Amino acid sequence: LCLVMILVFGCESKDKYAGVYKGQDPAKQAEIVVELKANGDGLWRVGSEEVTFAWYIKRGELRVNTKGGGVIVGKIDKDTIELTLPNENKMIFKKVQ
């Protein structure tokens, strides 16, 4: 019973975070779209380039698993995502769908 309770309260529902988020890359003047799907799949799109990833929520933080094996940790609050990329740049995304 204790194990079940830990699993239920330790993992947040992905449904409330699923959606399409848009941000801007000031260096490239390009729109960046991040799509979080309720099944844990994600899509990062810049122009015609797309990169898939997996994501989950842990302790209120967004965790993005990269194909290279790394994890990018971000803050997610209502309709806003703030990600700190490996090059130390912070990006903010607003939910549009």
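Welcome! The protein has one helix and eight strands, and the model you are looking at is predicted.

**Exercise 1. Work out the order in which the helix and strands follow one another along the sequence.**

Step 1: Start with the parts list, which is one helix and eight strands.
Step 2: Now read along the sequence, and the pattern is α-β-β-β-β-β-β-β-β.

**Exercise 2. Find out how confident the predictor is, and what the model shows for residues 1-10.**

Step 1: The average pLDDT of the protein is 81, and 80% of the residues score at least 70.
Step 2: Residues 1-10 have a pLDDT below 50.

**Exercise 3. Describe the burial and the surface of the protein as a whole.**

Step 1: Of the 97 residues, 31% are buried.
Step 2: The accessible surface amounts to about 6,600 Å², and carbon and sulfur atoms hold 55% of that surface.

**Exercise 4. Decide whether Arg-63 is buried or exposed, then list what surrounds it.**

Step 1: Locate Arg-63 in strand 5, which spans residues 61-65.
Step 2: The relative accessibility of Arg-63 is 14%. Buried means under 20%, so Arg-63 counts as buried.
Step 3: Look for polar partners: the side chain of Arg-63 makes a polar contact with the side chain of Glu-61, at 3.0 Å.
Step 4: Leaving aside residues up to four places away in sequence, Arg-63 touches Ala-54, Trp-55, Tyr-56, Lys-58, Val-71, Ile-72 and Val-73.

**Exercise 5. Trace the network of salt bridges that includes Arg-45.**

Step 1: The whole structure contains five salt bridges.
Step 2: One of them joins Arg-45 to Glu-35, with the closest N and O atoms 4.0 Å apart. Arg-45 lies in strand 3 (residues 41-46) and Glu-35 in strand 2 (residues 30-36), so this pair ties together parts that are 10 residues apart in sequence.
Step 3: Arg-45 also meets Glu-50 in a salt bridge, at 3.6 Å from N to O.
Step 4: Put together, Glu-35, Arg-45 and Glu-50 are linked in a network.

**Exercise 6. Classify the exposure of Lys-22 and Glu-31, whose side chains meet in a salt bridge.**

Step 1: The N to O distance of this salt bridge is 3.9 Å.
Step 2: Lys-22 has a relative accessible area of 35%, so Lys-22 is partly exposed.
Step 3: Glu-31, at 43%, counts as partly exposed too.

Technical notes. Residues are numbered from 1 along each chain as its sequence is written. Side-chain values use heavy atoms; hydrogens and water are left out. Helices (H or I, at least four residues) and strands (E, at least two) are DSSP runs, numbered from the N terminus. Buried means under 20% relative accessible area, exposed over 50%, partly exposed in between (1.4 Å probe, protein chains only). A polar contact is a pair of N or O atoms within 3.5 Å; within protein, one must be able to donate a hydrogen and the other to accept it, and residues adjacent in sequence count only if both atoms are side-chain atoms. Contact means heavy atoms within 4.5 Å. Accessible areas come from the Shrake-Rupley method with a 1.4 Å probe; for residues, only the protein chains shown count as cover. pLDDT is the predictor's confidence in each residue, from 0 to 100.
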